[in-house]
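Dear colleague,

I am passing on the structure below, and I would be glad if you looked through it before reading my notes.

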Amino acid sequence: MMRIHSLVIDNVRGIDHLELSGLPETGVVVIHGDNEVGKSTLAEAIDVVLNEKHGGRSRKIQALQPVGKDVAPQITLEATVGPVHFRITKRWLRKKASELQVLGTHPAQFTGGQADDELERILGAHLDRALLQ
């Protein structure tokens with residue numbers, strides 16, 4: 001099970017900056033709006049920050065780049081997966097970076113490839129990856 005606490009999106013497709021925080025502990029969060037306002041981008045941002053390495057250049061990552069802007073897409077997700085509460089920040093394409101902070105009773109911090117690898121280990125240990133996809 002994964003619980004999302006907050007999501008910050010910067011320079012992703014048509015979103016210059018968006019912060020979602022204070023999400024409820026229980027229940028369902030419904031995201032609605034007109035066409036082309038960024039609903040699908042929210043879901044893609046969560047997928048990319050969890051599944052794509054910060055140094056990657058896949059089509060998914062290339063698609064994050066806002067049209068006509070020379071800026072680095074960056075996504076920060078704070079979540080709890082199983083017993084692990086963490087915050088992951090990844091920036092792609094320009095000044096690539098990855099930082100993972102494990103919060104809670106056993107805090108730790110990882111950067112770069114170690115952050116990507118530790119996030120993969122956490123998700124693999126506590127989530128059904130096929131179901132997540």
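**What was found**

Leu93 is buried, with a relative accessible area of 12%, where buried means under 20% relative accessible area, exposed means over 50%, and partly exposed lies in between (1.4 Å probe, protein chains only). Leu93 sits in the loop between strand E4 (84-91) and strand E5 (97-103), and its phi is near 75 degrees, a positive value in a residue other than glycine. Most residues other than glycine have a negative phi.

Please keep in mind that this is a predicted model, in which local features need pLDDT of at least 70 and side-chain atom pairs count only at pLDDT 80 or more, while totals for chains, interfaces and linings use all residues. Residues are numbered from 1 along each chain as its sequence is written, and side-chain values use heavy atoms, with hydrogens and water left out.

The strands (E, at least two residues) and helices (H or I, at least four) are DSSP runs, numbered from the N terminus. Six strands form an open sheet in the order E2-E1-E3-E4-E5-E6, with antiparallel pairing; two strands pair if DSSP finds at least two bridges between them. The edge strands, each pairing on one side only, are E2 and strand E6 (108-111). Within the sheet, strand E3 (residues 74-81) and E4 pair in the antiparallel sense over eight bridges, and Val81 stands opposite Val84 in E4.

The structure also holds nine salt bridges, a salt bridge being a side-chain nitrogen of Lys or Arg within 4 Å of a carboxyl oxygen of Asp or Glu. One of them joins the side chains of Arg3 and Glu25 (3.3 Å, N to O); because Arg3 lies in strand E1 and Glu25 in the loop between E2 and H1, this pair ties together parts that are 22 residues apart in sequence. Arg3 counts as buried at 15% relative accessibility, whereas Glu25 is exposed, with a relative accessible area of 63%.

Another salt bridge is formed by Arg13 with Glu44, whose closest N and O atoms are 2.7 Å apart. This pair links distant parts of the chain, with Arg13 in the loop between E1 and E2 and Glu44 in helix H1, 31 residues apart. Arg13 is partly exposed, with a relative accessible area of 33%, and Glu44 counts as partly exposed at 29%. Arg13 also has a positive phi, near 50 degrees, in a residue other than glycine.
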